Amino acid sequence: MEILLPFMIGILFAVGLYFMLHRHLFKLILGLILFGLATNLFLFVVGGITRSSIAIIPETEEVATEPYADPVPQALLLTAIVIGFGIQAFAIVLVRRVYQTLKSNNLDELNSTDKT
Amino acid sequence: MLFALLAGFMLSFLAPVLHRLLGKLLVVPMVLFPLALFAYFCTQLPGVLAGNVLLQGYAWAPSLGINLQFRLDGLGLLFALLVSGFGALVMLYTKGYLGESPLLGRFYLYLTLFMTAMLGVVLSDNLFCLFIFWELTSITSFLLIGFDSDKEEARTSAWQALLVTGAGGLALMGGLILLNLATGSYTFSALLNGEKFMATHPLYLPATLLLLLACFTKSAQFPFHFWLPNAMAAPTPVSAYLHSATMVKAGIYLLARLGPVLGGTEVWQMVLLMVGTATTLLGALLALQYTDLKAVLAYTTISALGLMVSLTGIDTPLALKALLVFLLAHALYKGTLFMVVGAIDHSTGTRDAQMLRGLGPHLKLLAAAATLAGLSMAGILPFFGFVGKELLYEATLHSPRLTWWAFGGAFVSGLAFVAVASLLSYGIFWHKASVSTPVKHAPSFSLYLPPLLLGLLGLLLGLSPSSLAAPLLEQAFQVIASTTTELHLALWHGFTTIFVLSLVTVSLGVLLYFLLPRLQQLPITYQRLYQNGPNKLYHLTFKGFLKGAKAFTRRVQGGYLRNYMVTIVLFFCCLLVFVLWRDAPAIDLSQRVHLLQEVRLYELVLWVLVMAALLYLLNTRSRLTSIVVMGLVGYSAALFYILFGAPDVAATQLLIETLTVVIFVLLLHKLPAFTYLSHQYRKYKFVFVSVLFGSLMTYVLLLVQEHAVTSELQQFYGKASYLQAHGRNIVNVILVDFRGFDTLGEITVLAVAALGIFALLRLNPEKGGKR
């Protein structure tokens, strides 16, 4: 699976970026979410993946028994996911607000600071 | 000297406050200060006349060689006396000219600031100290020209003067740095005492050209002369003080100062002679074309400045002697004439030569001042201007290079000076006219006293040149000529060729005066010439800059989000490709194809699911479907986390994904519906960028997998997690214990995001909500 995941992540990046380059506000959010997802997976894979060996110390042991997954990327990921969620939620509400105020779903019309 | 300057800065900033406190009496401290300075410099006279040089230094940034070092020698003292003495008179004159203005305090602020800066220029010993004061004079000049800031002409002219002299300031800095690099000295004293800066030195040419550029812009030499006539938009005290007597002479001062260091070479002499004489001729010709008296004076000033530059270029002791005498004489009569014109403008409301007739009987004292100055300007016998003119002719006739060119310039400008002087002292005052221009109100005491005093001084110096002016001029002369030749000044040299030439000049000049109306009648050819001159070039460049900047900004900062993103991503890709190409080995996938056999079926199903979801997402038009499909992708990611030993991450991902879908659905009806917006052509571009970026990321991942890094942290946390932190779930232990503060930061970020969301939801500007 290690060999397939990089391709999936690459495609996720590409689709996310493609959506972000769209003019449509809604697609901007979709792109943002996909991009975030891709980044998280990227970190996960870069940290090195092992199959089904979780980073939990068994009840009987005092130190983790080999093999176990690297906990450091996981800890990073947790933080990244949560912060990513904060950004997503903010972006969704912001887009809603922009749409409500300016009645436009076109990013190209939002290129000046003054209402026209 | 430092304290004199500091006091000047302090007083200048106090001026607006004093104006509020003292009202009309503001003029008293403002006049007394330059007078005190004048007196202070007078007390230095005996020492300097004995040949001493007063040096003072205060450390500022010694490691950079930038110190507040001052030097008072003959040349410095001559200028210091001129600046402070003239300053006192101008301050007094300002009261009469602008006494009623509510902005008088501000005007005095600028004027005093300028005076202090100008004193700094002429007293500085340190090169960089000089630079700072030099720039300060440019800035104050800008402020003073633009004093009537409600007039567009004033603003444009102020800009122009600032840009031209500012560019010169830049050249000055470059030149000074090169000078410092080449000679290793930071002060004029060291430069003068050290070895001569040889013309063969590789830095000689660039340093000299840069310094000359600085002097030419400051002293309004061709082709940078155009800012000076435009600067006449300033109130007349400014024109009299900055733009005839002092600031424009800063360039001449610097040339004279640097003469002993840089002079004596072919480049120096040729450039100065060519430029100076060209400026002289241009100024003289244009002066005859205008009827606005201030413009006429401005062009004669340009002409005179050109003469001074030529004299530094001739570079013989005689020429330098002529330079000093002419400089002093010019400051005296030109300042006077400016003040007279200002007073006339103030009294009659016009300064057009064609409108002004027969003012003599009404403005007797002004007429007297104008006559005194005019006679000096024309170079009539007992006046100081005569001494200057004689020396000027003699020096140009004995010029080692381009003799006829230099003398021609001096002669033509001499004619123009006589004509202009006749116009100013005879034409507008005494020329018989049927109707004389009505005088609205007589000029006050402060308007006619300063010009009268200056005019009288011109006569006094002329009557006894050897006793009054000569000693100080001699000291100055020794500084700039670096010889000990004595300087003799005499009014009467006998019936020499020079005297005959003087007589010819005066008679031809008077003839020219009677032709003036005709010359002013046919200005069209000259006007066209002038309109297409450097002034136009300046405006074209100025507009071009603005347009170019706008176009550039529009190009780079177009306001289109996707263009920014494309730029960022493409730049990132370029960097990545560069680094990969330079440092990284190529990946070898053939070694790892066998790994495909280990892929389990459920993993493959998930993989295909994500691909299908993405494909669907690209084609759907429904917002609800998009959200559902997004959720699918998110959950699949969570499953991947579970499969590869990260249950905590998976749990978080599931939660987050659910929350995101919920928020989306809740706000769905308020979000914009899909419409087709992109153009086909752009689509390809975006597809290209996206695919490029995606494939690069894939490549990087594959590369990283091939060269896996082993982390010691994994072992550390595996061992320490239970023993030190008493937790069995290592990931949790890291988050809440080992890296607890990171988690606190994360929580803070969430809190801020929540605040932002709350504000966005509550904000309601249309319905009168608070912003």
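In this predicted model, helix H13 (residues 293-314) of chain B and helix H17 (residues 403-427) of chain B have axes that come within 10 Å and cross at roughly 155 degrees. Because angles over 145 degrees count as roughly antiparallel, H13(B) is roughly antiparallel to H17(B). The crossing of these two helices, H13(B) and H17(B), is left-handed.

On the H13(B) side, the contact involves Val296(B), Thr300(B), Ser303(B), Gly306(B), Leu307(B), Ser310(B) and Ile314(B). These residues meet Ala406(B), Gly409(B), Ala410(B), Ser413(B), Ala416(B), Phe417(B) and Val420(B) in H17(B). Sorted by class, the contact of H13(B) with H17(B) has eight nonpolar and six polar residues, and no charged ones.

Helix H3 (residues 71-102) of chain A packs with helix H31 (residues 740-762) of chain B at an angle of about 10 degrees, the axes being 9 Å apart. H3(A) and H31(B) are therefore roughly parallel to each other. Among the residues making this contact are Val82(A), Gly86(A), Phe90(A) and Arg97(A) of H3(A), together with Asp742(B), Glu746(B), Ala753(B) and Leu760(B) of H31(B). By class, the contact of H3(A) with H31(B) has 13 nonpolar, three polar and three charged residues.

Chain B also contains helix H6 (residues 152-183), whose 32 residues reach 46 Å from the first C-alpha to the last. That span is close to the 46 Å expected at 1.5 Å a residue. Just after H6(B), Gly184(B) takes a positive phi of about 80 degrees.

Definitions and conventions
Residues numbered from 1 in each chain as written. Chains lettered and ligands numbered in written order. Predicted model: local features only at pLDDT ≥ 70, side-chain atom pairs only at ≥ 80, totals over all residues. Axes fitted to C-alpha atoms, helices over the stretch in contact; angles between N-to-C directions. Helix = DSSP H or I, 4+ residues; strand = E, 2+ residues; numbered from the N terminus. Parallel < 35°, antiparallel > 145°, perpendicular 65-115°, else oblique. Left-handed = near helix turned anticlockwise from the far one by under 90°. Contact = placed C-beta atoms within 7 Å. Nonpolar A, V, L, I, M, F, W, Y, C, P; charged D, E, K, R; others polar. Expected span 1.5 Å × (residues − 1).
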